[in-house]
Amino acid sequence: MIGDTVKIGAAETGRGADAGAPPPIAIDAQERDRLLTLCANASGEAMRVAPMLEHEIARAEVHRVGLALVGVARMHSIVRFADGRSERAVLIVYPHEADPPTGRVSILSELGAGLIGLQAGADDYVSKHTQ
């Protein structure tokens, strides 16, 4: 199942003034628990990215399950963003669903871990962390 489409861009919300600081991120408690379990069981190349994802989860504002997180990049969300060269759209998926050539990026990739939880308006941060 594909979730919401989230456009990451400062023009959307007027944010992005403090491009040096990571923007706030949000996640619900159930997704947090699933992703932490995924990190704990990571193997191969994913072991390198798991600490980055754990760091992002640790700084996230955690919401109760069932709360609609509108405009937030979640699992199975399509995220549109500018990477400094062009606009891209990716679907954040679990590792077994990943297919980068078709835009399905694993949550245990640098791009997936960097996008999860971002809210519309975080393009300055995305540009610096996805090139």
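The crossing of helices H2 and H3 is left-handed, a term used when the near helix is turned anticlockwise from the far one by less than a right angle (clockwise would be right-handed). Helices here are DSSP runs of H or I with at least four residues, strands are E runs of at least two, and both are numbered from the N terminus.

Before going further, a word on the model: it is predicted, so local features need pLDDT of at least 70 and side-chain atom pairs count only at pLDDT 80 or more, while totals for chains, interfaces and linings use all residues. Residues are numbered from 1 along each chain as its sequence is written, and side-chain values use heavy atoms, with hydrogens and water left out.

**The helix pair**

Two packed helices are described by the angle between their axes and the distance between the axes. For H2 (residues 29–40) and H3 (residues 46–59), the axes come within 9 Å and cross at roughly 155°. That crossing makes H2 roughly antiparallel to H3, the word for angles over 145 degrees. The axes are lines fitted to C-alpha atoms, for helices over the stretch in contact, and angles run from 0 to 180 degrees between N-to-C directions.

Which residues in H2 and H3 meet? From H2 come Arg32, Leu35, Leu36 and Cys39, and from H3 come Ala50, Leu53, Glu54 and Ile57; contact means heavy atoms within 4.5 Å. Sorted by class, this contact has 6 nonpolar, no polar and 2 charged residues.

**The nonpolar core**

In soluble globular proteins, nonpolar side chains tend to be buried together. Here the largest nonpolar core has 26 residues, and Leu35, Leu53, Ile92, Ile107, Leu108 and Leu115 touch the most other members. Such a core is a set of buried Ala, Val, Leu, Ile, Met, Phe, Trp, Tyr and Cys residues joined through side-chain atoms within 4.5 Å. H2, H3, strand E4 (78–82), strand E5 (87–93) and helix H4 (110–115) each supply at least two residues of this core, and H3 gives the most, with 5 residues.

Leaving aside neighbours within four places in sequence, Leu35 is in contact with Ile27, Leu53, Ile57, Met75, Tyr94, Ile107 and Ile116. With the residues up to four places away likewise not counted, Leu53 touches Leu35, Cys39, Ile107, Leu108, Ala113 and Ile116. The C-alpha atoms of Leu53 and Cys39, 14 residues apart along the chain, are separated by 7.5 Å.

Buried means under 20% relative accessible area, exposed over 50%, and partly exposed in between (1.4 Å probe, protein chains only).

| Residue | Relative accessible area | Class |
|---|---|---|
| Leucine 53 | 0% | buried |
| Histidine 76 | 17% | buried |
| Methionine 52 | 31% | partly exposed |

Methionine 52 lies in H3 and touches Glu110, Ala113 and Gly114, again not counting residues up to four places away in sequence. Histidine 76 sits in the loop between strand E3 (61–63) and E4, and its phi is near 65°, a positive value in a residue other than glycine.

**The whole chain**

The protein chain has 5 helices and 6 strands, running β-α-β-α-α-β-β-β-β-α-α from the N terminus. Of its 131 residues, 44% count as buried. Among contacts between residues at least 6 apart in sequence, 68% join residues at least 24 apart.

Technical notes
Parallel < 35°, antiparallel > 145°, perpendicular 65-115°, else oblique. Nonpolar A, V, L, I, M, F, W, Y, C, P; charged D, E, K, R; others polar.
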